[in-house]
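Please consider the model below with attention to its charged and aromatic side chains.

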Amino acid sequence: KGSKYNLPNTSVHLFERLSEEDQAPYLNLLKNLKTGKILWLFINPHGPWTIVSTRMVAGFKGNQLEHMNLNSISNVISQNLKQFGLKGFSNGQMTKMQEHKLSVTDLKGSEKIFITNEGNDFFALWNILKMIAAFNQSE
């Protein structure tokens, strides 16, 4: 399925294929979390990054680390769609390919923002997390 979104690419990596040296900064920041096996690393060229692991999604922007357990994800929506609604797309305020922030809500209503690159990278992350949310709702 990843090939549909041209994954992996220069900004989305299968974590296990990175060298130990390249993995080290991420593992250092995530060492106190029970992430499980890290599967995907999404890197935004402006610094933020997001990982998807077997237990959680985690992201780092600025100096803040956000994370959410996969089994608690209830909703995933683009930040712009949430803010502007469908009218934002129809009146030209934004285009789908400019999206790069995902709003992810857990079962308790807590919201976290995860950032990736615009375009295919964004939609790949969105689809991964939407499938997880759908699975959680079916249980």
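In this predicted model, the count of salt bridges comes to two. One of them joins glutamate 16 to lysine 37, with the closest N and O atoms 3.1 Å apart. This pair links distant parts of the chain, 21 residues apart: glutamate 16 belongs to the loop between β1 (12–14) and α1 (20–30), and lysine 37 to the loop between α1 and β2 (38–43). Glutamate 16 counts as exposed because its relative accessibility, 56%, is over 50%. Lysine 37, with a relative accessible area of 48%, is partly exposed.

Lysine 112 and glutamate 66 form a salt bridge as well, their closest N and O atoms being 3.2 Å apart. Here strand β8 (residues 111–115), which contains lysine 112, is linked to strand β5 (residues 64–69), which contains glutamate 66; the two residues are 46 residues apart. Lysine 112 is partly exposed at 22% relative accessibility, whereas glutamate 66 counts as buried at 13%.

Turning to the aromatic side chains, the structure holds six aromatic pairs. In the pair of phenylalanine 15 and tyrosine 26, the ring centres lie 6.4 Å apart and the planes meet at 80°, so the arrangement is edge-to-face. Phenylalanine 15 sits in the loop between β1 and α1, and tyrosine 26 in helix α1, eleven residues apart. Phenylalanine 15 is buried at 4% relative accessibility, and tyrosine 26 is buried at 14%. Tyrosine 26 also pairs edge-to-face with tryptophan 49, at 5.0 Å centre to centre and 90° between the planes. Because tryptophan 49 lies in strand β3 (residues 49–53) and tyrosine 26 in helix α1, this pair ties together parts 23 residues apart in sequence. Phe15, Tyr26 and Trp49 form one aromatic cluster with Phe60.

Notes. Residues numbered from 1 in each chain as written. Predicted model: local features only at pLDDT ≥ 70, side-chain atom pairs only at ≥ 80, totals over all residues. Heavy atoms only, no water. Salt bridge = Lys/Arg side-chain N within 4 Å of Asp/Glu carboxyl O. Helix = DSSP H or I, 4+ residues; strand = E, 2+ residues; numbered from the N terminus. Buried < 20%, exposed > 50% of the residue type's maximum accessible area, 1.4 Å probe, protein only. Phe/Tyr/Trp six-rings, centres within 6.5 Å; stacked < 30°, edge-to-face > 60°.
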